[in-house]
Amino acid sequence: MAGDADKILIFDTTLRDGEQSPGVSLNMEEKLQIGRQLEKLGVDVLEAGFPVASPGDFEGVQRLARELRGVQVAALARAVEKDIDTAWEAVRDGENPRIHIFIATSDIHLKHKLRMNREEVLERAAAAVRHAARYTGNVEFSAEDATRSDLDFLCRVFEAVIEAGATTVNFPDTVGYAVPWDFARMIRRVAEHTPNIHKAVLSVHCHNDLGLATANVLSAVANGARQVECTVNGIGERAGNTAMEEVVMAIRTRKDLLPFSLGIDTRHILATSRMVSHLTGMVVQPNKAIVGANAFAHESGIHQDGVLKERTTYEIMDPRDIGLTGGAIVLGKHSGRHALKAKLEEMGYRLAEDDLDRVFARFKNLADRKKDVFDEDLEALVAEVVLRI
Ligand code: KIV
Ligand code: ZN
């Protein structure tokens with residue numbers, strides 16, 4: 001397949017599919033802030049919107065294409081000339097701009113939504129790509145609802161659009177229906193039965209309706225996909241898209257099984273997650289992998305003790321790699337004397353052993369009444385026991 005065989009391209013669609021999350025609507029300034037942050041994070045492609053959808057979308061895509069450098073800005077279009085012309089108008093001033101065309105290929109969509117037969121869809125897809133290829137050599141084609149499509153037909157569509165000029169072909173699990181081992185089989189089948197697939201980058205785009213989006217993406221990557229479409233915090237239609245931070249950190253952490261390179265500077269992950277959450281109003285659940293408030297917090301006394309002795313006992317990633325600094329210890333009723341001592345030292349208190357014993361006894365009483373014991377509580381305990389205030 002085209003491109004660097006060992007690199008996984010990150011195609012971020014936070015500003016397009018992510019903005020399709022119910023209740024989310026970003027203004028121009030907010031889109032620019034997120035766009036600049038994604039550029040800093042190092043995404044390879046940034047899908048900025050669907051320009052034909054509204055004047056606001058058009059303007060947002062155009063501003064981002066004009067301003068961002070070092071990232072390919074993409075605009076979405078249905079397989080119709082008006083959409084493609086509008087998408088091109090919006091991105092044309094960008095650096096290596098991309099037109100992203102989609103049409104559904106599953107019989108369910110053909111029958112009930114498009115009211116077209118397979119041959120008509122195949123011709124429409126190829127004609128749309130041919131039209132876009134007159135504007136740019138950077139054309140992506142997506143077969144909407146690919147995971148519920150007939151695979152022989154899908155291979156014919158991919159072959160036709162590659163011949164028409166598509167440089168990326170995307171395999172979306174639009175409704176989050178796939179399971180990892182079957183998705184892997186589908187990716188292999190497409191890679192093996194589309195004769196000119198080597199001329200394009202094979203991409204995947206998974207939704208999270210069954211909570212399997214990240215697992216599906218990783219199985220696709222292990223079987224030949226080289227572009228991953230995802231959003232920050234996994235926001236998007238319904239249950240959302242694949243969470244970028246999960247894919248990136250899984251590839252980074254499991255290099256033994258996924259020996260690929262990425263262009264992402266992971267130290268900006270947490271700041272990006274917080275910015276997207278703040279500007280979209282979509283709260284990140286505390287136990288969310290990688291970026292949740294508890295993702296690196298250790299409550300159990302045994303775990304706290306282990307981490308204090310050697311971080312890797314209970315941490316598979318270094319929190320600093322995602323930009324998290326500061327203590328990872330959350331004190332509560334399960335915390336031991338060792339964790340309390342470390343926390344107090346972090347706060348600047350080096351207590352004599354007998355003072356520590358007394359603070360620890362009071363701390364245990366307090367923790368029985370209160371779920372988490374915060375820095376302010378510890379300050380008060382130290383003041384009471386040591387300073388006798
Ligand atoms: O989920 C989907 O199929 C999409 C396409 C437009 C790629 O978002
Ligand atoms: Zn989608």
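**A walk through the predicted model**

The protein folds into 14 helices and eight strands. Both kinds of element are DSSP runs, numbered from the N terminus: helices (H or I) have at least four residues, strands (E) at least two. This is a predicted model, in which local features need pLDDT of at least 70 and side-chain atom pairs count only at pLDDT 80 or more, while totals for chains, interfaces and linings use all residues. Residues are numbered from 1 along each chain as its sequence is written, and chains are lettered from A and ligands numbered from 1 in the order in which they are written.

Start with the whole. The C-alpha atoms fill a box of roughly 85 × 40 × 35 Å, taken along the principal axes. Of the 389 residues, 46% are buried. A residue is buried if 20 or more other C-beta atoms lie within 10 Å of its own, exposed if 12 or fewer, and partly exposed in between; the C-beta atoms are placed from the backbone. Two residues are in contact if their C-beta atoms, placed from the backbone, lie within 7 Å. Among contacts with a separation of 6 or more, 74% join residues 24 or more positions apart.

Next, the annotated domain. An unreviewed UniProt entry lists residues 8–270 as "domain: Pyruvate carboxyltransferase". UniProt positions are given in the numbering used here, feature names are shortened, and annotations may be inferred rather than shown by experiment. The span is 42% helix and 17% strand, and its end C-alpha atoms lie 21 Å apart.

Now find ligand 1. Around it are Asp-17, Phe-102, Ser-142, Glu-144, Asn-170, Pro-172, Thr-174, His-205 and His-207. Each counts as near (its C-beta atom, placed from the backbone, lies within 6 Å of the molecule). Strand E5 (139–144) and strand E6 (168–173) each give at least two residues to this shell.

The unreviewed UniProt entry also places a "binding site" at Asp-17, His-205, His-207 and Asn-241. These residues span 225 residues in sequence, yet no two of their C-alpha atoms are more than 10.4 Å apart, so they gather at one spot. Look at two of them. His-207 sits in the loop between strand E7 (201–206) and helix H8 (213–221). It is buried, with 25 other C-beta atoms within 10 Å. Asn-241 lies in the loop between strand E8 (227–230) and helix H9 (244–253). Asn-241 is buried too, with 31 other C-beta atoms within 10 Å. Beyond its neighbours up to four places away in sequence, Asn-241 touches residues including Asp-17 and His-207.

Move on to helix H13 (residues 353–369). Its 17 residues should span 24 Å at 1.5 Å a residue, and its end C-alpha atoms are 25 Å apart, which agrees. The expected span is 1.5 Å times one less than the number of residues. The buried residues of H13 are Leu-356, Val-359 and Phe-363. They cover an arc of only 65 degrees around the axis, which puts them on the same side of H13. That arc is taken from the directions from the helix axis to the C-beta atoms. An α-helix has 3.6 residues a turn, so residues three or four places apart point the same way. The buried residues of H13 pack against helix H12 (337–346) and helix H14 (375–385). The face turned away carries the exposed residues Asp-354, Asn-365, Asp-368 and Arg-369.

Most residues other than glycine have a negative phi. Arg-115 has a positive phi of about 50 degrees. It counts as exposed, with 9 C-beta neighbours inside 10 Å. Phi of Ile-290 is also positive, near 70 degrees. Ile-290 is buried, with 26 other C-beta atoms within 10 Å.
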